[in-house]
Amino acid sequence: MRREWIAIMMAGAMLSAGCVTNSQYQEALTEADTAREELEKVRQQKTSMEQQIRTLKELNVKFSNEALAARDELQRIEHGRDKERGSVDGRTKDLEAQLKALSAQNRNVRQEYQDVKRHNDTLKSLVARYQKELKDRSHSTSAVVTPQAADAKAPAPSAPAPSAGTSAAMNINRVSASDLVLFLGLKQEEADRIVSNRPYRVKGELVAKNVVPKETFDLIKDRISVSQ
């Protein structure tokens, strides 16, 4: 722009001076055209630069929005991660507590199993002993010979039939609960359990069926029977 004005001013000065030749005039016009082209180029460059600036501004806004969205997404992910981590930690603690509780229950079950096993072994030995006693008693009873020929003519003295309450071996399959309380000294609930769990094949079933404690059974075992 400045060069164009300079060329115009020079041409005007030459014309006013009256000493301008045709070649100088043509040269001045050429310089003016050149200056005009350069001016147009500068304008185009300016327009292009302004367009680039607008584009850069738009890109800046776009990148700023994307950066803001990325920052929000990162915060959301971090929040979700922290929340999930807290949930996992809480779940882990719950599972550890459950594991401890199950381990304690397992130990208790093992202890109960050992106790039941020992109690079962005791019951088996008791049943085996009472079965042996019953078998020996059956053999001894069958081996007794009743003398009949020695005093065939003499009348046998009549013996009173023992009642359930006065018998030395009280039949627990027949007597009443009150007789058990009266003659064996049992508690009423123990006597009721004995009656409600009848019949018994061997005396040891009183312990095997948890009718009476073993201590009580040891006190009455020689005073009871199960004969039908």
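In which helix is the place of Thr 216? The legends below describe close-up views of a predicted model.

View A. Thr 216 is placed in helix α6. With a relative accessibility of 17%, Thr 216 counts as buried, because the cut-off for buried residues is under 20% relative accessible area. When residues up to four places away in sequence are not counted, Thr 216 touches Leu 186 and Glu 190.

**View B. The buried face of helix α4.** Helix α4 spans residues 188–196, and its buried residues are Glu 190, Ala 191 and Ile 194. Viewed down the axis of α4, these buried residues fall within an arc of 100°, so they line one face of the helix. The packing partners of the buried residues of α4 are α3 (177–184), α5 (205–208) and α6 (214–220).

**View C. The cis peptide bond between Arg 198 and Pro 199.** Arg 198 and Pro 199 are joined by a cis peptide bond, with omega about 5°. Pro 199 is located in the loop between α4 and α5. In general, most peptide bonds are trans.

**View D. The backbone at Asn 210.** Asn 210 is not a glycine, yet has a positive phi of about 60°. Most residues other than glycine have a negative phi. Asn 210 belongs to the loop between α5 and α6 and is exposed, its relative accessible area being 56%.

**View E. A nonpolar surface patch.** Leu 56, Leu 59 and Phe 63 make a nonpolar surface patch of about 290 Å². Leu 56 lies in helix α2, which comprises residues 22–143. Leu 56 is exposed, at a relative accessible area of 55%.

Technical notes. Residues are numbered from 1 along each chain as its sequence is written. This is a predicted model: local features need pLDDT of at least 70, side-chain atom pairs count only at pLDDT 80 or more; totals for chains, interfaces and linings use all residues. Side-chain values use heavy atoms; hydrogens and water are left out. Buried means under 20% relative accessible area, exposed over 50%, partly exposed in between (1.4 Å probe, protein chains only). Helices (H or I, at least four residues) and strands (E, at least two) are DSSP runs, numbered from the N terminus. The arc is that of the directions from the helix axis to the C-beta atoms. Contact means heavy atoms within 4.5 Å. Patches are made of residues with over 30% relative accessible area and no salt bridge: like charges are joined within 9 Å, nonpolar side chains (Val, Leu, Ile, Met, Phe, Trp, Tyr) within 5 Å. Accessible areas come from the Shrake-Rupley method with a 1.4 Å probe; for residues, only the protein chains shown count as cover. A salt bridge is a side-chain nitrogen of Lys or Arg within 4 Å of a carboxyl oxygen of Asp or Glu.
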